[in-house]
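Below are my notes on the model, as numbered points. Please read them beside the coordinates.

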Amino acid sequence: MHLRTAYFDYFHYNGEDDFYKENPLPDAESFYNPILLGWYSDPSICRNGDDYFLVTSTFSYFPGVPVFHSTDLVNWKQIGNILNRPSQLELDGQRTSQGIFAPAISYNPHNEIYYMITTNIGGGNFFVKTKDPFGEWSDPVWLPDVHGIDPSFFFDDDGKAYIVNNDEPDGGSTYEGHRAIRIVEFDVENEKTTGASKMLVNGGVDLKEKPIWIEGPHMYKINGKYFLMCAEGGTSVNHREVIFSSETVMGPYKPWDKNPILTQKHLDPERPLPVTCAGHADLIQKQDGEWWAVFLACRPIENEFENLGRETFLMPVKWSDDGFPYMTRGNETVPRILKMEGVSRKDNVTFGNFSVEEEFDNEQLAPQWMTLRGPADSLYSLREKPGCLALKCTDVNTTELKEPAFVTRRLQHHRFTCETALLFAPETENEQAGLLLFKDEKHQYGLLVRKKGEGMEISVQKISPEGTETLGNRDLPENNTSKPVELKIISSGKYFEFFCKQGNNEWNKVADQVPARHLSTANSYGFTGTTVGMYAGSGKF
């Protein structure tokens, strides 16, 4: 069967949040939080010499696990995606918020190998490895005896290795959200666990309070003492980071009496410019001895909701008189502007306001682009029409747990403008192509070109749990399939506006005052942020 093709000539994105315009950085050593804008959740970090590497979750997007590199913790560049082959990443049939959870990256100085360990909800726990994090990573090594989620390696200074992870407590859960942190020894040479798993933490800091969702564990050895740091309270507004210590790697671990070491849960929700949901942290020590932490948090717009998902923040670590690390105490807030002495901010940063100019003139998509549940390499091409992204009108749509013709990237600002130009000649009324704002299978907005009788129309479609709804439509200005149609989405933060034009015509509004909240986690649940990108299909949207 011949599939109609939609050709996208460019993709331009311009993010302009008011905070960054109204609060310019005071000097070249200053930077904004979050350090990675948009949905970059569950950050994990490691260092080898002058090189830092950071990874985040991708759930059911392909490729999986973006990897960023920095030499100073402030200037970051995405150098690829760790899980970039189907042999590494099986996602078919998984919902958007399933797939890859909480990757943890580590460097083992004893064998000079980098490891990334994670959970695929549809397959279990596994790790991949490499000698060169700028290159390719291995196929998965599965860990059938490691259950639950959020595994993380710990390489002790005596050469031994361990995996800590979230799992069932001894005797099973006694209440909703009752989980445990367990440890098992790992045989590095034979790449398998050895011995029995041992429970280190039951429930959380204080089991009498029935704490929920202890997860995201990381283990460290600092000044001869072992520290186990975990997230607690769920990843919403009650999120917090807690810490335990022990004299030996296998415990017993005791909670610090001043936990949590990072949270914003108790602060006034009506405070200006709130940062919420802070937790799921990882610690890193710089070569100069300073300790810093990466963690996830959210920035709700006007204290109501956010479409950006959980973002990656950076903060300095302080140390208590009794030797425990912490990021916030009392009513301290997560800062939006920080300074790192001796670091010079470069031009191409991952924070603040910025633009993305994609002309599709390379042989491969930039590493920020993603598809759903697979590479979709039979559905898009950068070579069929050089300088364009060609998308096939497959009969798979984005409400299904399959691999649609959808090439997308994260939203990174509340206020933004997004544009593309589309050359498309549908022959049936089912064929459609355009820009798609996507949260999950049941929460989407599409600005789509499709056939209408003998002519063409632009339509704004809303996908919700109730089905499909048309929010606005307009006949194609020139009704000429040989001329590109330009499409534009403008976000004010709380609302979207959708526009189109063809030829020398003015921009025509197709729909306005479209609530952005529909795509938010507050409305849809889920672990991802909203993405925006190019879509084509021949089935019902």
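1. Strand 18 and strand 19 (residues 254-255) run antiparallel and are joined by 2 bridges. Within this pairing, Ser 245 has Lys 254 in strand 19 as its bridge partner. Strands here are DSSP runs of E with at least two residues, helices are runs of H or I with at least four residues, and both are numbered from the N terminus. Two strands are taken to pair if DSSP finds at least two bridges between them.

2. On provenance: this is a predicted model, in which local features need pLDDT of at least 70 and side-chain atom pairs count only at pLDDT 80 or more, while totals for chains, interfaces and linings use all residues. Residues are numbered from 1 along each chain as its sequence is written, and side-chain values use heavy atoms, with hydrogens and water left out.

3. Strand 17 (residues 225-232) pairs with strand 18 in the antiparallel sense over 7 bridges, and Tyr 226 stands opposite Ser 246. Strand 20 (residues 262-263) is also antiparallel to strand 18, through 2 bridges; there the bridge partner of Arg 240 is Thr 263. In general, strands of a sheet pair through backbone hydrogen bonds, either parallel or antiparallel.

4. Is strand 18 mostly covered or mostly open? It is mostly covered, with 7 of its 7 residues buried (buried means under 20% relative accessible area, exposed over 50%, partly exposed in between, with a 1.4 Å probe and protein chains only). Both faces are covered: Arg 240, Val 242, Phe 244 and Ser 246 lie on one side, and Glu 241, Ile 243 and Ser 245 on the other.

5. Arg 240 also takes part in a salt bridge with Glu 232, where the closest N and O atoms are 3.0 Å apart. The criterion is a side-chain nitrogen of Lys or Arg within 4 Å of a carboxyl oxygen of Asp or Glu. Both residues of this pair, Glu 232 and Arg 240, are buried.

6. The structure holds 33 salt bridges. One of them joins the side chains of Arg 415 and Asp 18, at 3.1 Å from N to O. This pair links distant parts of the chain, since Arg 415 is in strand 32 (residues 415-423) and Asp 18 in helix 1 (residues 18-22), 397 residues apart. Arg 415 counts as partly exposed at 27% relative accessibility, and Asp 18 is partly exposed at 28%.

7. Glu 302 and Lys 494 form another salt bridge, with 3.3 Å between the closest N and O atoms. Glu 302 lies in the loop between strand 22 (291-298) and strand 23 (311-316), and Lys 494 in the loop between strand 37 (485-492) and strand 38 (495-502), so the pair ties together parts that are 192 residues apart in sequence. Separately, salt bridges link Arg 4, Glu 427 and Glu 431 in a network.

8. An open sheet of 4 strands has the order 8-9-10-11, with antiparallel pairing. Its edge strands, strand 8 (100-108) and strand 11 (141-142), each pair on one side only. Strand 10 (residues 124-130) is joined to strand 11 by 2 bridges, and Phe 126 stands opposite Trp 142 in strand 11.

9. Some backbone geometry deserves a check. Asn 33 and Pro 34 are joined by a cis peptide bond, with omega about 0 degrees; Pro 34 is in the loop between strand 2 (30-32) and strand 3 (44-48). The peptide bond from Asn 259 to Pro 260 is also cis, with omega near 0 degrees, and Pro 260 is found in the loop between strand 19 and strand 20.

10. Which value does phi of Asp 150 take? It is near 60 degrees, a positive value in a residue other than glycine. Asp 150 lies in strand 12 (residues 149-155) and is buried, with a relative accessible area of 5%. Phi of Asn 223 is likewise positive, near 55 degrees. Asn 223 lies in the loop between strand 16 (215-222) and strand 17 and counts as exposed at 79% relative accessibility.
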